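This report goes through a structure made of protein chains. The sequence and coordinates come first, and the notes follow.

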Amino acid sequence: MIECRNLTVAFQNKTILDRINLGVADGAFLCLLGQSGCGKSTLLRTFAGLLKPTSGEVFVDGKAVDGPEKACSVVFQDYSLFPWMTTGKNLMLALTASFPQKSKAEIRNLAESYLEMVGLGGVFNQYPAALSGGMRQRAAIARAIATPSKVLLMDEPFGALDPVNRAMLQDLVRELHRDSHGARTVVFVTHDVDEALYLGTEIAVLGSSPGRVIALEKNPVSRQLPREKLFENESVISLQRKIMDIYRSDMNEKLNLRESFHSGNGI
Amino acid sequence: MNNREFEQKKAKRDRRTAAIGATAVFAVLTALYAVLTDLTHVLDPVLFPGLGVILPEMARSSGELLKGFLYSMRLLIPSLAAGILAGVACGLAVGMHPKVKLVLMPLFRALNPVPPTMLIPYAIAVLPSFWLSSAVIIFLGVFWPVLMSTLHGVVMLEPRWIDNARCLQLTGRKLVFKVILPGAMPQIFAGIGSGLIFSFILLTVAEMFGAKAGMGFYVQYYADFAEYGKVLGGILFLSVVVILLMTIFDRIQRRVLYWTNKR
């Protein structure tokens with residue numbers, strides 16, 4: 001569904017992403033893991049067509065990405081909804097853009113039913129500011145799945161949520177992906193290894209400075225286990241350990257770089 | 001939720017306190033004026049007639065004041081509306097095209113600070129009627145601040161809102177009216193606010209030379225006859241009108257910018 005070839009992104013001589021080659025199969029749930037600043041959000045932005053790569057190419061659904069496409073819908077960390085519209089109007093705006101031929105009443109009904117689907121029955125007329133962070137992300141997810149996109153891109157969507165809300169929303173996303181029966185491919189950016197193990201069918205680890213794929217793992221149990229059983233499973237534990245090790249060595253590498261820089265200056 | 005209700009109540013209470021405070025200040029100033037004029041006659045009674053003179057004068061010429069009000073509004077409202085509309089429209093059109101903006105910005109910077117009052121003699125010479133020349137002067141006084149603030153508002157738009165809009169495939173009118181215009185509204189309203197204050201000044205200035213009626217005309221006309229009771233009455237009436245218009249503006253602003261204070 002998504003394929004990037006030799007993707008490189010650089011800003012003012014600083015290479016953010018270095019020759020990334022990555023493929024995401026139809027219906028997969030890929031978690032992009034990496035420490036902050038490694039370029040995982042940048043990679044997601046190139047998938048979304050919000051950012052043109054310096055060199056290399058991205059293909060989504062067989063087409064070279066050149067600007068935002070209908071095939072993708074995006075959930076950002078905390079600004080997917082426009083604050084000047086009610087939650088319902090926010091959904092309706094996205095829906096009218098995807099279904100220009102539908103009547104206003106149909107669009108309204110659709111928006112209401114998608115809000116209900118994510119457990120937000122009564123907030124149609126409320127402004128986003130009146131909702132909690134978790135409710136806002138629910139609404140953002142409702143908006144993203146209301147459009148007939150094949151790819152759902154999520155940029156640390158639960159990063160700002162409390163643990164209870166985060167767990168509930170992880171369950172929601174897992175359910176929605178399962179119920180799509182392979183019709184939706186998800187790319188989910190996070191820095192939380194456990195979150196990636198719980199959600200992802202595949203996990204890619206990005207190393208930092210410059211960003212590159214340092215590991216690509218298949219989740220051995222992907223989705224067969226409920227949350228409480230997941231970290232009792234041997235293969236999950238060993239994968240968790242492996243990813244943590246990769247993560248740690250990448251972090252150390254970055255720290256060592258700094259150290260040598262300092263010692264070079266005689267400090 | 002409860003927190004929000006609490007905040008709303010607090011805001012209401014604060015507004016009430018402010019209103020009471022403002023009334024108190026007004027009352028003290030009025031009393032002071034009464035003491036200086038009617039009671040002690042410290043001030044010159046011709047230039048500063050007492051309240052005992054001003055208020056009856058106002059009552060007597062209420063018909064004239066009302067007529068002046070209507071004349072002034074007939075000039076102010078269309079000029080103001082045209083200035084706001086043109087300012088916002090040009091601001092959006094130019095602001096959304098960075099290259100056009102780059103070309104036009106030096107021109108804007110040069111023309112924006114020219115005081116519209118300087119153009120009054122020229123406007124009278126060029127334009128066929130008094131009404132039109134005054135209207136153009138007021139229009140310019142509103143147009144520039146609104147244009148500049150709209151441009152600023154478009155620049156200040158959060159890039160993430162634009163990203164969001166692009167992901168939703170919003171283009172053309174939808175993009176302008178659903179995202180860019182509402183997103184720039186806080187700045188636009190700041191511009192309209194200064195344009196509004198400017199328009200009152202320009203209105204009265206314009207009316208003082210050549211109008212046949214209007215609130216500014218009333219003050220100027222009776223000043224020529226040294227009827228300072230009427231002059232002060234006219235100024236008082238004018239300030240009441242300005243306060244009312246500003247209150248309406250504040251109400252509209254609070255409503256439109258509902259989302260900004262609770263983001």
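The sections below cover conventions, a sheet, a helical chain, one glycine and the interface.

## Conventions

This is a predicted model, in which local features need pLDDT of at least 70 and side-chain atom pairs count only at pLDDT 80 or more, while totals for chains, interfaces and linings use all residues. Residues are numbered from 1 along each chain as its sequence is written, chains are lettered from A and ligands numbered from 1 in the order in which they are written, and side-chain values use heavy atoms, with hydrogens and water left out.

## Sheet in chain A

Chain A holds an open sheet of 4 strands in the order S2-S1-S4-S5, with antiparallel pairing. The edges are strand S2 (14-24) and strand S5 (63-64); each has a single partner strand, so one side of each lacks a neighbour in the sheet. Strands are DSSP runs of E of at least two residues, numbered from the N terminus, and two of them pair if DSSP finds at least two bridges between them.

Strand S4 (residues 55-60) of chain A pairs with S5(A) in the antiparallel sense over 2 bridges. Phe59(A) has Ala64(A) in S5(A) as its bridge partner.

## Chain B

Chain B has 10 helices (DSSP runs of H or I, at least four residues) and 0 strands. Its C-alpha trace spans about 70 × 60 × 30 Å along the principal axes. Of its 263 residues, 37% count as buried, meaning under 20% relative accessible area with a 1.4 Å probe, protein chains only.

Among contacts (heavy atoms within 4.5 Å) in chain B with a separation of 6 or more, 73% join residues 24 or more positions apart. The chain carries 25 positive and 13 negative side chains, and the centres of the two sets lie 15 Å apart. Lys and Arg count as positive, Asp and Glu as negative; His and the chain ends are not counted. Each charge is placed at NZ of Lys, CZ of Arg, CG of Asp or CD of Glu.

## Gly214 of chain B

Gly214(B) sits in the loop between helix H8 (172-207) and helix H9 (215-224) of chain B. Gly214(B) counts as buried because its relative accessibility is 3%. Leaving aside residues up to four places away in sequence, Gly214(B) touches Gly68(B), Tyr71(B), Ser72(B) and Glu207(B). Its C-alpha atom is 7.9 Å from that of Leu65(B), 149 residues apart along the chain.

## Interface

At the interface, 25 residues of chain A are in contact with 21 residues of chain B. The two chains bury about 2,100 Å² between them, 69% of it on carbon and sulfur atoms. This buried area is the accessible area (1.4 Å probe) that the two parts lose on being put together, summed over both. In chain A, Tyr79(A), Phe82(A) and Trp84(A) lose the most area to chain B, together 30% of what that side buries.

Conventions:
Buried means under 20% relative accessible area, exposed over 50%, partly exposed in between (1.4 Å probe, protein chains only).
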